[in-house]
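Me: I would like a close look at a single part of this model, with the cut-offs stated as you go.

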Amino acid sequence: MIQKEVLHGGRKGKISKEENKVIRPGNKWTSHVQSFLSFMHENGFNNIPKPYGINESGMEMVSFVNGTVYNDSLPNEILTDKILIDGNYMWQIEVMRKEQIVVKERRVGSYDI
């Protein structure tokens, strides 16, 4: 039997984890998010959730990525220049710079990226 775990951090009580999949409410933009995530994975950017589609209940399914989710504003300790230049974060910034080229080449649905 697959165990369901309620995840905390965003949309309280509406997001769960089953094995390595996150199940969360779908919305009108969900298909665009799934398309964007697929595109990014196809282009070698694998540090984001892998899309698994939308289930029969309209819930979005993506792979679980370990980390912290914030409900509202980011805490002040994250919003500093020191964090941006910290060696632990430099690889993320560099990957994002490289991936901007890929993102600019693609429109997902009616949303410009």
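Which residue lies over the face of Phe64, and at what distance from the ring centre?

Reply: Lys17 lies over the face of Phe64, at 4.0 Å from the ring centre. A charge counts as over a ring if NZ of Lys or CZ of Arg is within 6 Å of the ring centre and within 35 degrees of the ring normal. The model is predicted: local features need pLDDT of at least 70, side-chain atom pairs count only at pLDDT 80 or more, and totals for chains, interfaces and linings use all residues. Numbering runs from 1 along each chain as its sequence is written, and side-chain values use heavy atoms, with hydrogens and water left out.

Lys17 belongs to strand β2, where strands (E, at least two residues) and helices (H or I, at least four) are DSSP runs numbered from the N terminus. Its contacts, not counting residues up to four places away in sequence, are Gln3, Lys4, Glu5, Leu7, Val22 and Phe64; contact means heavy atoms within 4.5 Å. Lys17 is buried yet has no salt bridge. Buried means under 20% relative accessible area, exposed over 50% and partly exposed in between, with a 1.4 Å probe and protein chains only. A salt bridge needs a side-chain nitrogen of Lys or Arg within 4 Å of a carboxyl oxygen of Asp or Glu. For Lys17, the nearest side chain of opposite charge is Glu5, 4.5 Å away; Lys and Arg count as positive and Asp and Glu as negative, while His and the chain ends are not counted.

The chain then passes through Glu19, in the loop between β2 (16-18) and β3 (21-25). Phi of Glu19 is near 55°, a positive value in a residue other than glycine. Most residues other than glycine have a negative phi. Glu19 is exposed, with a relative accessible area of 60%.

Lys21 also lies over a ring face, that of Tyr52, at 4.8 Å from the ring centre. As for pairs between rings, the structure holds zero aromatic pairs; such a pair of Phe, Tyr or Trp rings (the six-membered ring of Trp) needs centres within 6.5 Å, with planes under 30 degrees apart counted as stacked, over 60 as edge-to-face and the rest as tilted.

The salt-bridge count comes to one. That bridge joins Arg24 and Glu60, whose closest N and O atoms are 2.8 Å apart. Arg24 lies in strand β3 and Glu60 in strand β5 (residues 59-63), so the pair ties together parts that are 36 residues apart in sequence. Glu60 counts as buried, at 4% relative accessibility.
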